[in-house]
Amino acid sequence: MSTQVLERPELKDADTGPEMFHYVRKDKIAESAVMGTFVVALCGETFPVTKAAKPGSPVCPKCKEIYDSWDE
């Protein structure tokens, strides 16, 4: 019996800059992580949840601006 590692191609464009995390509805995060469904960020970007942000991670400026405007 043998195993083989299949490399998954990187799907990001090379010129998109550093990876940023987005603000997403909390109730949709677990569903997306388990089921692979797409979520919609505050900025309108859609994607499946594949990672959890760590404290200090870069945040999408559009998402942050929208989120911060709700506190006013």
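Accessible areas come from the Shrake-Rupley method with a 1.4 Å probe. On that basis the protein chain exposes about 6,500 Å², and carbon and sulfur atoms supply 57% of this surface. The model described here is predicted.

**Overall fold**
- The protein chain contains two helices and two strands, and these follow the pattern α-β-β-α along the sequence.
- Of the 72 residues in the protein chain, 11% count as buried.
- Among contacts between residues at least 6 apart in sequence, 38% join residues at least 24 apart.

**Helix α1**
- Helix α1 spans residues 26–35. One of its ten residues is buried, so the helix lies largely in the open.
- Gly-36 follows α1 and has a positive phi, near 80 degrees.

**Aromatic residues**
- The whole structure holds two aromatic pairs.
- Tyr-23 and Tyr-67 form a stacked pair, with 4.7 Å centre to centre and 10 degrees between the planes.
- This pair links distant parts of the chain, since Tyr-23 lies in the segment before α1 and Tyr-67 in helix α2 (residues 61–69), 44 residues apart.
- Tyr-67 and Trp-70 have ring centres 6.3 Å apart and planes at 55 degrees, so their pair is tilted.
- Together, Tyr-23, Tyr-67 and Trp-70 form one aromatic cluster.

**Exposure of the cluster**
- Tyr-23 is partly exposed, with a relative accessible area of 27%.
- Tyr-67 is also partly exposed, at 36% relative accessible area.
- Trp-70 is exposed, because its relative accessible area is 55% and exposed means over 50%.

Terms used: Residues are numbered from 1 along each chain as its sequence is written. This is a predicted model: local features need pLDDT of at least 70, side-chain atom pairs count only at pLDDT 80 or more; totals for chains, interfaces and linings use all residues. Side-chain values use heavy atoms; hydrogens and water are left out. Buried means under 20% relative accessible area, exposed over 50%, partly exposed in between (1.4 Å probe, protein chains only). Helices (H or I, at least four residues) and strands (E, at least two) are DSSP runs, numbered from the N terminus. Contact means heavy atoms within 4.5 Å. Rings of Phe, Tyr and Trp (its six-membered ring) pair if their centres lie within 6.5 Å; planes under 30 degrees apart count as stacked, over 60 as edge-to-face and the rest as tilted.
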